[in-house]
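Please look over the sequence and the model shown here, keeping in mind that the model is predicted.

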Amino acid sequence: MEWSKLKTVILLMLAGVNLFLLGLVGVRVTQGAFYEDETRQAVIQVLERGGISFLPEQIPEDITLPPLTLTRSRDDEADIARLFLGPTVQTGESDLRPSYTGTGGTAEFSMNGSFTIALTGESWTCPPGQDIGQASQDCLEQMGFQAGEEELFTQGDTTWATYCQMWEGAPVFSCQVSLTWSGSVLTQVEGIRLSGEAADSSSTLLSTPTVLMRFLAGVSQNGYICSQIRSMEDGYLASGSTRSVQLTPVWRISTDTGDYFVDAVTGTVTPDI
C-alpha cells in the first residue's frame, strides 16, 4: 500500500477514535449531570420529611471559596484616625490598643480588628443631595473597607448604617461596621475590620447537598426549630489569633426562625447570634 493511502487510513482511524472518546465523555457528563440533579432532588425530599421546606427554586452550586489564612496588618490605623479626626496625637502607649486624639474626636483600635471612632462637632457630614446610605459607603471606601449588605435603621433624627465587609468579593459575615448619623452629621464609626495579606489554605470543601444534610442533622441534634429554608449565601467567617486569622468558607442559611452558619469544611452548624 502506498504511503499516502496508509497515512489517510491512519488519520481516519485516529479521527474515529477521537469521536468515540468524545462521545464517551459526553455520555459520562450527561450521566453525571443526571445523577447530580437526582441527588439534589433527593436532598429536598429528605429535608421535607424532616419538616423543613426548601423555598429557593434550586439548590445552589457547590461553594468555591478557598479557605484563607490572613496575616493581619495594622499599618493603616493611624491613617484612618487622621482621615476622620484630622491631625492626631497617639494617646495610648500600648501597641495592643493604641488610641488617637484629634480636633475631630478620638479613635481606638484593638489587635482583634475591633475599633471605635467617636467624632465631635461636624467634622464629617453627609454632602448635600446625597443620602445616608451612599455617604456611608463613600466613608467606608475612603478607609479601605469594602462594604456590602447595607442595613439602615432610623429612629427619630438618628440613623444607623451597618455593613458587612467583603473580601475578594465574598462577604465576611463576622466582620461588620456600623456608622451612626445624627441628622446629616456622622457621630461614630465602630465595628470589626480585616486588613492584611491572605494566602490559600488547602482544604476539601463539602458539596452543597452534603451541607444541607449536615444542616438538617445539626438542627435535630441541637434542638433548633425551623420549618423553611428561605435562602442560602456563601461567604466567610473569621476566627483565630490576633495576628493570624482563618477565613473559613461557610453557607449562611436563612430560615423562618433565624440564620445559621454551616462550615463548608467540617459541616458544623452554628446559629447567627
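E61 and R40 form a salt bridge in which the closest N and O atoms are 3.9 Å apart. This pair links distant parts of the chain, since E61 sits in the loop between β1 (53-54) and β2 while R40 belongs to helix α1, 21 residues apart. E61 counts as exposed, at 56% relative accessibility, whereas R40 is buried, with a relative accessible area of 9%.

## Other salt bridges

A search of the whole structure finds 7 salt bridges. One of them joins E108 to R97, with the closest N and O atoms 3.1 Å apart; because E108 lies in strand β5 (residues 105-109) and R97 in the loop between β3 (88-90) and β4 (99-102), the pair ties together parts that are 11 residues apart in sequence.

The side chains of E233 and R252 also meet in a salt bridge, at 2.9 Å from N to O, and this pair links strand β12 with strand β13, the two residues being 19 residues apart. E233 is partly exposed, with a relative accessible area of 28%, while R252 is buried, at 13%. Salt bridges that share partners also join R40, E61 and D62 into one network.

## The nonpolar cores

The largest nonpolar core has 33 residues, of which F54, L212, F215, I229 and I253 touch the most other members. Among the elements that give two or more residues to this core are α1 (3-49), β9 (170-182) and α4 (208-222), and α4 gives the most, with 5 residues. Apart from this core lies another, of 25 residues, including A135, C139, M143 and Y163.

Note on methods
Residues are numbered from 1 along each chain as its sequence is written. This is a predicted model: local features need pLDDT of at least 70, side-chain atom pairs count only at pLDDT 80 or more; totals for chains, interfaces and linings use all residues. Side-chain values use heavy atoms; hydrogens and water are left out. A nonpolar core is a set of buried Ala, Val, Leu, Ile, Met, Phe, Trp, Tyr and Cys residues joined through side-chain atoms within 4.5 Å. Buried means under 20% relative accessible area, exposed over 50%, partly exposed in between (1.4 Å probe, protein chains only). Helices (H or I, at least four residues) and strands (E, at least two) are DSSP runs, numbered from the N terminus. A salt bridge is a side-chain nitrogen of Lys or Arg within 4 Å of a carboxyl oxygen of Asp or Glu.
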